[in-house]
Amino acid sequence: MNAEILIIGAGISGTAIAWNLARKGQKNIVVVDSGYPACGATGRCGAGVREQWATKMNCLMAQKSIAFFEQANEILEYPDDVEFKQEGYLILACTPEEDAQFTKNVALQNSLGIPSRKVTREEAKQIVPHLNEKAILSATFCGKDGHLNPFKMTDAFYRAAKRLGVVFLFPETVEGIDVSDGKVVAVRTDKRTIATSKVVDAAGGFSGEIAKMAGVSIPVYPERHEILVTEPIEKIQGPMVMSFSKNLYCQQVPHGSFVMGRGDPGAKHDHDISSGWRFLDEMAKTVREFLPLVAKLRVIRQWAGSYTMSPDRQPILGTVPEVEGFYLACGFSGHGFMFAPMTGLLMSEVILGEPTTLDMTELSLARFHQNQAIEIEKSVV
Amino acid sequence: MRIEQHPILDFPERKPIAFTFEGGPMLGREGDTIAAALHANGISALSESSELHRPRGFYCAIGNCSSCHMVVDGIPNVKTCITPLREGMAVTRQAGKGAYR
């Protein structure tokens, strides 16, 4: 078997890259996944999408991705619905430092055309009536932000790519990448060898291991993040409520359930995706402080998934200097889902040698090797 | 309906408990769950399905299936199949998924 382009990983990034390549007329694209579409971090994510970021690159990635999500059903001719609920993010400032930082963030966002704004406690309470406004100093709000169904969004990319002739192989596990004279020549799986000169590493939490197979070392590691969902109730909350300093995000999804999560500063750098009672305990206490009403609801289920952390919390996209034909789309640090439309577009441009929609310098692997100061994104839970 | 007499088991007389369903008075007995008391009064439709609004009744009886969720004393999503009946409870059917304020 051979492939013009082989993509490893059928999550939101891999399927978005495949579709973008296929719609530009690229033939013989193969996507390999050890499980099935969205079985990794994509299907485990909180699935919020927001334009409110602290670095210009993340703002631009998010802004253009959300413009795509707004039209996703039509563009991808999806017979179902990706369930884009566009009712904003309310980001809480709980410390004077956050309050000051958010003023800067909003100025940056506004300069890029993102319609975010600072709001007072009282305005925040009007936006989310069951918010305990006494627990915050101020907040920022952007109505363009929202939430999608991650399974359906991936399914939409998957079906559209398949219609255009993309071949999906799963469950099929990549076991090796053959490199000769500094060029990719083949990918070996547990079922066959696929001759190819172009490989895309969109393997999420396992992207470090995949890169190693090609002899490439990348500064990423997987980190467990836990999440839970409550019983559904009638709608009481439009926006996602989020706090970086208090380590919380909480969203009521269209079905009526609340989905909420937080990071664990002590999480090990491994592939553990088990669930623990400590998270339940900490999550319940945190949400009770800000959204007391939500604390009355029963927890239906909890789960976990891997963030793939990069040194500056921004994705690593593009080529690698050591191996020709090896491309990276990884290191999303917990926001790969919301950036996927741009990931797909930019990667297709890089692979096909087209001019890129955004300057890729800040996203390249090389940024970590040049001893230059990198701007670290702080707006991450 | 209640089993009052049984060839092997005894059912001693239990104290009546007054409560209301949709505002109307009803009598249950001490030791009843809310759902059991409603059944004894002929009420078998406890909730409705969320999409098609078809009646739903007593199903798992162990607090798992959410088929018996009702509003009790203003609190939505009460599992009536495992919640003991108490004197003076106001029980109503719930529209939708439960409205919290």
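Visitor: Where is Pro171(A) found?
Guide: In this predicted model, Pro171(A) lies in the loop between β9 (167-169) and β10 of chain A.

Visitor: What makes β10 and β11 of chain A a pair?
Guide: Pairing takes at least two bridges between the strands. Strand β10 (residues 174-180) and strand β11 (residues 183-189) of chain A have six bridges, in the antiparallel sense, so they qualify. Val174(A), for instance, stands opposite Thr189(A) in β11(A). Their hairpin has two residues between the strands, and there Asp181(A) takes a positive phi near 50°.

Visitor: Why is Ala38(A) called buried?
Guide: The label needs 20 or more other C-beta atoms within 10 Å. Ala38(A) has 25 such neighbours, so it counts as buried. You'll find Ala38(A) in the loop between β3 (29-32) and α2 (41-44) of chain A, with a positive phi of about 70° although it is not a glycine.

Visitor: And what makes Asn77(B) buried?
Guide: Here 21 other C-beta atoms lie within 10 Å, so Asn77(B) passes the cut-off of 20. Asn77(B) sits in strand β6 (residues 75-79) of chain B, and its phi is positive too, about 60°, although it is not a glycine.

Visitor: How many residues make the contact of the two chains?
Guide: Chain A gives eight residues and chain B six. The chain A side divides into four nonpolar, one polar and three charged residues.

Notes: Residues numbered from 1 in each chain as written. Chains lettered and ligands numbered in written order. Predicted model: local features only at pLDDT ≥ 70, side-chain atom pairs only at ≥ 80, totals over all residues. Contact = placed C-beta atoms within 7 Å. Nonpolar A, V, L, I, M, F, W, Y, C, P; charged D, E, K, R; others polar. Helix = DSSP H or I, 4+ residues; strand = E, 2+ residues; numbered from the N terminus. Buried ≥ 20, exposed ≤ 12 C-beta atoms within 10 Å, placed from the backbone.
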